[in-house]
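Here are some notes for your review. Please read them with the model open.

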Amino acid sequence: MIAGLLQLRIVLLLSTPLLLFAGFLILNLIFPLPPVQRTHSVTVTDANGKLLHAFLTADHKWRIQAQSGEITPDLQKTIIFKEDKYFYYHPGVNPVAIARAAFNNLRKGRRTSGASTINMQLARLLEPAPRTIPNKIKEMFRAMQLEWHFSKAEILQMYFNLLPYGGNIEGVKSASLIYFGEEPEALSLAQVVMLTVIPNNPNQLRPGANPTLLTEWRNHWLKEMKGKGLFSDEEIEDAISEPFSVNRYEIPRETPHLAYRLRKNAVNHEVSTCIQPVMQHKVETLAANYVRRLRSFQIGNLAVLVVNNRTMEAEAYVGSAGFHEDFWLGQVDGVTALRSPGSALKPLLYALAFDRGLVTPKMVITDVPVNFSGYRPENYDETYRGKVTVEQALALSLNVPAVELLEQLGSSDFTKSLSAAGFKWIGRNQKKLGLSVILGGCGTTLEELTALYASFANGGNYSPVRYIRTTDTLTVDSVFSAGAAYMITNILTQLKRPDLPNQYQMAANLPNIAWKTGTSYGRRDGWAIGYNRNYTVGVWTGNFPGNGVAELNGAEFAVPLLFNVFNAIQDVSADKWFAPPAELDFRIVCSESGLPADTFCHNRVMDYFLPGISPSQKCNHLQKHFVNQNETMSYCRNCMPEAGYKEVLFPYYPPALISWYNEMQIPYKAVPGHNPDCPAVKSANAPFITSLTDGAEYLLIKGRKQQLMLSCNTENGVSKVYWYLNDKFYKAAKPGEKLFFIPEPGQYKISCTDDSGRNSNIWIRVSFI
């Protein structure tokens, strides 16, 4: 009998823990642990992992998540010593501590000690509730659930991230930053102990509320730790004697534009950016100082983006001169704001033209007024230069040659290339864009332009700018060839240019860079983008509301800051330049045309070209003509006499250039007028009517007697043209001479015939309003 009772007791003793465990598992299924993840403050860190910016949570708390590596051994030791010495040994609740607390409380008739473990405290922080016996039992159950589902390290991390520190401050990292201005890893022992003391009574013990009381509690626990040998006597004495500041520090709010932009990309409440803090500080300081000069001209703001060409990571990002400057609309992000690029897209046009085989750098083109079906662009300085090389046209940022080249290339091909290079607005509006796109008739951003210029540094390969650190492979799209990229870089490296600021002293110490400016219509935007092997820097200046300033241009107001940034981020001694790619070669060309020299070419220069792609025809700047002995009349093979003629080389001039020479009264060697008795009538090279647009409708104001102009371009050798209105002779004129007539409403056929019988016609409509 006794033996049986003994056996029963042994079975009950052994089975009780198993029954309790089974009961826990059943209750765990019936009452599962609710989600333990709290919403933490989104944090933005730099490339070194240091906090740049943090945001309040949706419930307006500073609850910044501390990662396991940020919870130092000192923090762990002190909190475990103070709150739960047996944390690593109990299953979430401490039965011995519960029994001891119950005995003491019953013996004294009041609550004198607690038995809450760290698990139980964490359960209460996750599910706040009044301190009642049923809630206490629930806490114990949740504490064991936490132990079942999470490791000790995970429980400790969650606990540290939810500890209350007064007001809207939760978590040890938030408290560390706000109360001490330091990350948790940088805290002293005295500060560590204070962070373990404050949660016991946050409103009374937080720094600033009652410094004396906080100091007393800190020193009390330091002495307790000394008695238990938790730290050395020297460490304890230093901590006791350490004063502390009661100042409240501001949470870092650096790079605000980038932080707000990337906030939605947070992973586990954190955004790890590519920002290099030293470079960011340099660029921000330069921008803050430089904007003072701008504002003396009523130019209110600027933006700067610095990209590492090898990684395409944005290492510095300044969205405006001051985020909190409401008067200047400082919260607008100038890096992503849609603006007109002015002439900043021209390098891509010339690169595509090189790849298409339309031109080479030394090829001679014309810079004269041209009517592109009603569109008449003008150069920035409102002057024309006649004959220029392609590299001069780009270096001088001439508008008319660029529009003429775009017409040859095709605006649709150009906008497709821009779309492929990440220009989103242009990609969405390709079908609406025409020739004006090359002069800024479109919307772009500083980010897009900077990425485009980085593709020149990367041999024609485009990659989008990276703002978040990642190990993903960089996506690369080829927009133009490495040879075209090198030729553009070679042109943009020239420093003897009109867009070099007047008397800009720092150019002497400037690292070798290729750069281009842009000024939008109405002088609303001033751009400067430059690059070398290592970095591409984009600078925008202007006013966010879009109001223009008469003095604003990229050369005078954006380039100085561009130079300042390059001087700050890279030493001249570290400067290495680009080498010509294998696909690029050079040849000797005639300086008069930029084409391979013929026997009559005496002035020759070296020019880069793409073998098999670049123009290969021989120079034609001189052409043979048959003339009489006095060189007063020219012949063709149809009217050439049997004797009394000779061959003479005359310069070849495009009709538009001849017209401009005549208008500007610039002398040139003209081919004598053609034999008036010639029986042949040529159809090629007929006069080109430039003053009116074929198929256009002209609206005139009734009663004003407004006139329409007649003018044309002709080839060299034409001495007279004849104008007809609706097949009725109107007047004769010299090539390039301007005539005017007063039209009546209705349809008009405009005809122009030269002295060789070549004719061209256009049709227009005139309406009155």
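1. Is C712 buried or exposed? Buried: its relative accessible area is 2%. Keep in mind that this is a predicted model.

2. C712 takes part in no disulfide. The nearest cysteine sulfur belongs to C752 and sits 3.8 Å away.

3. With 1% relative accessibility, C590 counts as buried. Its closest cysteine sulfur is that of C601, at 3.5 Å. The cut-off for a disulfide is 2.5 Å between sulfur atoms, so the C590 and C601 sulfurs are too far apart for a bond. The count for the structure is 0 disulfides.

4. Now the sheet. Five strands form an open sheet, ordered β7-β6-β14-β13-β12, and the pairing is antiparallel.

5. Which strand pairs with β13 over 7 bridges? That is β14. β13 covers residues 525-531, β14 covers residues 535-542, and the two run in the antiparallel sense.

6. α22 (residues 559-569) lies across β6 (301-308), β12, β13 and β14. Against β14, α22 runs at about 145 degrees.

Definitions and conventions:
Residues are numbered from 1 along each chain as its sequence is written. This is a predicted model: local features need pLDDT of at least 70, side-chain atom pairs count only at pLDDT 80 or more; totals for chains, interfaces and linings use all residues. Side-chain values use heavy atoms; hydrogens and water are left out. Two strands pair if DSSP finds at least two bridges between them. Helices (H or I, at least four residues) and strands (E, at least two) are DSSP runs, numbered from the N terminus. Contact means heavy atoms within 4.5 Å. Axes are lines fitted to C-alpha atoms, for helices over the stretch in contact, and angles run from 0 to 180 degrees between N-to-C directions. Buried means under 20% relative accessible area, exposed over 50%, partly exposed in between (1.4 Å probe, protein chains only).
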